[in-house]
Amino acid sequence: MNVEESVRIVPESAWFKSSYSSGEGGECVEVASAVGSVHVRDSKNKARAMLSFDAEQWATFVAFASH
């Protein structure tokens, strides 16, 4: 998937950066929600493929990551 395909699936305005991102480089991700799914991409390299998760998968990840 390239940037053009990502934009058609998820508009640029839908993405938001992690609140833990400092703006000084480092590891940053962006997340966008869509009907029935959540998309994740590398904010430093938006041309790479994004990851997509259904709502149940995302909820499981968030529960695990919050511990």
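**View 1. Strand β3 (residues 37-42) is mostly covered.** Five of its six residues are buried, where buried means under 20% relative accessible area, exposed over 50% and partly exposed in between (1.4 Å probe, protein chains only). Strands (E, at least two residues) are DSSP runs, numbered from the N terminus. This is a predicted model, in which local features need pLDDT of at least 70 and side-chain atom pairs count only at pLDDT 80 or more, while totals for chains, interfaces and linings use all residues. Residues are numbered from 1 along each chain as its sequence is written, and side-chain values use heavy atoms, with hydrogens and water left out.

**View 2. Strands β2 and β3 run antiparallel.** Six bridges join the two strands; strands pair if DSSP finds at least two bridges between them. Ser33 stands opposite Val38 of β3. The hairpin of β2 and β3 has two residues between the strands, and Gly36 takes a positive phi near 80 degrees there.

**View 3. Strand β3 also runs antiparallel to strand β4 (residues 51-54).** Here four bridges join the strands. The bridge partner of Ser37 is Asp54 in β4.

**View 4. Glu30 lies in strand β2 (residues 29-34).** Glu30 is buried, with a relative accessible area of 7%. Its side chain makes a polar contact with the side chain of Arg41 at 2.7 Å (a pair of N or O atoms within 3.5 Å; within protein, one must be able to donate a hydrogen and the other to accept it, and residues adjacent in sequence count only if both atoms are side-chain atoms).
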